[in-house]
Amino acid sequence: MAKDIDLSTITKAYAKWAPFYDAVYSRILMQGRTEAVRAAMACGSDILEVGVGTGLSLEDYPTGYAVTGIDLSKPMLDRAAEKIRAKNLTNVTGLCVMDACRLGFRDGSFDAVVGQYMITLVPDAEAALDEFARVVKPGGEIVLVNHIGAEKGLLAMVERAVAPLAKRVGWRSEFQLGRIRAWAEGAGFAVVAAKRVGFAGFFTVVRLKDRRAADARAEAA
Ligand SMILES: C[S@@+](CC[C@H](N)C(=O)[O-])C[C@H]1O[C@@H](n2cnc3c(N)ncnc32)[C@H](O)[C@@H]1O
């Protein structure tokens, strides 16, 4: 798989974004965020938010949930920590600088692993998804929300054309749903929903359900 965005590009880009991120993105990303959090909450109370950024989603989880947030960018996490303090978000059990591809958690730690607007930025997205699969509890879900690139047609051509520019500001425009589906098929997960949200359906919320134990039981029967 092409490793065309490196971690230092991302950390540099988000160090610059951190002071302005909420002002620019809070509203634009709201609908996807609400849908992703709703899907995660339905899985259970132990939630991992990968690429939690400035923590825009943290206050959407009510009391009774235990949310852990990780991110590559310390300046983004510093903003999240400020929110936690200012809003007394007791549902957040930890924040940590960590790479999505090297999660420091035990196998089966979380009911849901959520990646909001981040999976397309990971150089080796499949390696990150492997890690999400490792730390999710049996039967749990991986919930992703992102702009997913068009597979064909004019929009696909435009997205490929602007891809180099998008990468420079920490975005990726051409990542396709087929890549997530292919990973899921090989990893024992089922794509149980892919819902378009936001203006003109620009973002897609994808729910991936762990089928590994269920598939093994069916095979043994
Ligand atoms: C577009 S922001 C989204 C932030 C937040 N999830 C939200 O919805 O507002 C992408 C975030 O993913 C983080 N990120 C990118 N690659 C990452 C990686 N490999 N591991 C952890 N975090 C990563 C970035 O540092 C950034 O904070």
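Reader: Which residue in β5 is the bridge partner of Val113?

Author: In general, strands of a sheet pair through backbone hydrogen bonds, either parallel or antiparallel. In this predicted model, the bridge partner of Val113 in β5 is Ile142. That bridge belongs to the pairing of β4 and β5, which is parallel and extends over 6 bridges.

Reader: In which sense do β1 and β4 pair, parallel or antiparallel?

Author: β1 and β4 pair in the parallel sense, over 4 bridges. Ile47 stands opposite Ala112 in β4.

Reader: In which sense do β5 and β7 pair?

Author: Strand β5 (residues 136-146) and strand β7 (residues 203-210) are antiparallel, with 6 bridges between them. Val143 has Arg207 in β7 as its bridge partner.

Reader: What is the order of the strands in the sheet?

Author: The sheet is open and has 7 strands, in the order β3-β2-β1-β4-β5-β7-β6, with mixed pairing. The edge strands, each of which pairs on one side only, are β3 (92-97) and β6 (189-197). From one strand to the next, the twist averages 15°.

Reader: Why is β4 described as largely enclosed by the rest of the structure?

Author: The reasoning rests on burial, where a residue counts as buried at under 20% relative accessible area. In β4, 7 of the 7 residues are buried, so the strand is largely enclosed by the rest of the structure.

Reader: Which strands does helix α5 lie across?

Author: Helix α5 (residues 125-135) lies across β1 (46-50), β4 (110-116), β5 and β6. Its direction is at about 140° to β5. Helix α7 (residues 177-187), in turn, lies across β5, β6 and β7, and runs at about 160° to β6.

Reader: What is the nearest side chain of opposite charge to Asp71, and how many Å away is it?

Author: The nearest side chain of opposite charge is that of Lys83, 11 Å away. Asp71 is buried yet has no salt bridge; the cut-off for a salt bridge is 4 Å. The side chain of Asp71 does, however, reach the backbone nitrogen of Val52, at 3.4 Å.

Key:
Residues numbered from 1 in each chain as written. Predicted model: local features only at pLDDT ≥ 70, side-chain atom pairs only at ≥ 80, totals over all residues. Heavy atoms only, no water. Buried < 20%, exposed > 50% of the residue type's maximum accessible area, 1.4 Å probe, protein only. Lys, Arg positive; Asp, Glu negative; His and termini not counted. Polar contact = N/O pair within 3.5 Å; in protein donor to acceptor, adjacent residues only side chain to side chain. Pairing = 2+ DSSP bridges. Helix = DSSP H or I, 4+ residues; strand = E, 2+ residues; numbered from the N terminus. Axes fitted to C-alpha atoms, helices over the stretch in contact; angles between N-to-C directions. Contact = heavy atoms within 4.5 Å.
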